[in-house]
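Student: I'm new to this structure. Could you walk me through how to read it?

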Amino acid sequence: MAQLISARLPEKTADRVKLYAQRKQRSLNETVSLALEEWLRQNEYAFIEFRDTPDGRMAYMKNSRLPVYWVIKVAKSYEMDIEQVCAYWPHRLRAWVQSAFHYYEAYSEEIDLQIALSDAVTFDVLKRQLPQIEAFPIPEAILQGE
């Protein structure tokens, strides 16, 4: 159940929050709640930050262009074996990978939904978003590794 928590903000901060809420077409309550939730998560999980994307706010791995769901998608392909995932990203700290695992433990529904939405993207969907995109056939010999 939601709780009402009152806080006093400096006038300039309050004005900035109101303007941000308007730009994002969100209520002031929703904006403050989301900002606080993201701030808490970023403080609770190392290497996690939130970014705006065309699909809304999303958890990303710090110092990378990778959303957390992508790290977990790779991890699932290795049956969540952290050693194999670390080998996949050899220039990343183990703690970086571990952070994605910890975040997934706490927010698996969020990450699993993002993976499912990513997996649902087809070439036809991309064509609508990127009208200049072209498909190129891959010769069978290349697919066979010849």
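Tutor: Let's start with helix α3 (residues 68-77) and helix α5 (residues 94-106), which pack at an angle of about 95° with their axes 10 Å apart. Helices here are DSSP runs of H or I with at least four residues, numbered from the N terminus. This is a predicted model, where local features need pLDDT of at least 70, side-chain atom pairs count only at pLDDT 80 or more, and totals for chains, interfaces and linings use all residues. Residues are numbered from 1 along each chain as its sequence is written, and side-chain values use heavy atoms, leaving out hydrogens and water.

Student: How are α3 and α5 oriented to each other?

Tutor: Two packed helices are described by the angle between their axes and the distance between the axes. Axes are lines fitted to C-alpha atoms over the stretch in contact, with angles from 0 to 180 degrees between N-to-C directions. Angles of 65 to 115 degrees count as roughly perpendicular, and α3 and α5 are therefore roughly perpendicular.

Student: Which residues of α3 and α5 meet?

Tutor: With contact meaning heavy atoms within 4.5 Å, V68, V71, I72, A75 and K76 in α3 meet W96, A100, F101, Y103 and Y104 in α5.

Student: Is W96 buried or exposed?

Tutor: Buried means under 20% relative accessible area (1.4 Å probe, protein chains only). W96, at 2%, is buried.

Student: Which residues form one aromatic cluster?

Tutor: Rings of Phe, Tyr and Trp (its six-membered ring) pair if their centres lie within 6.5 Å. Y78, Y88, W89 and W96 form one such cluster.

Definitions and conventions:
Helices (H or I, at least four residues) and strands (E, at least two) are DSSP runs, numbered from the N terminus. Angles under 35 degrees count as roughly parallel, over 145 as roughly antiparallel, 65 to 115 as roughly perpendicular and the rest as oblique. Buried means under 20% relative accessible area, exposed over 50%, partly exposed in between (1.4 Å probe, protein chains only). Rings of Phe, Tyr and Trp (its six-membered ring) pair if their centres lie within 6.5 Å; planes under 30 degrees apart count as stacked, over 60 as edge-to-face and the rest as tilted.
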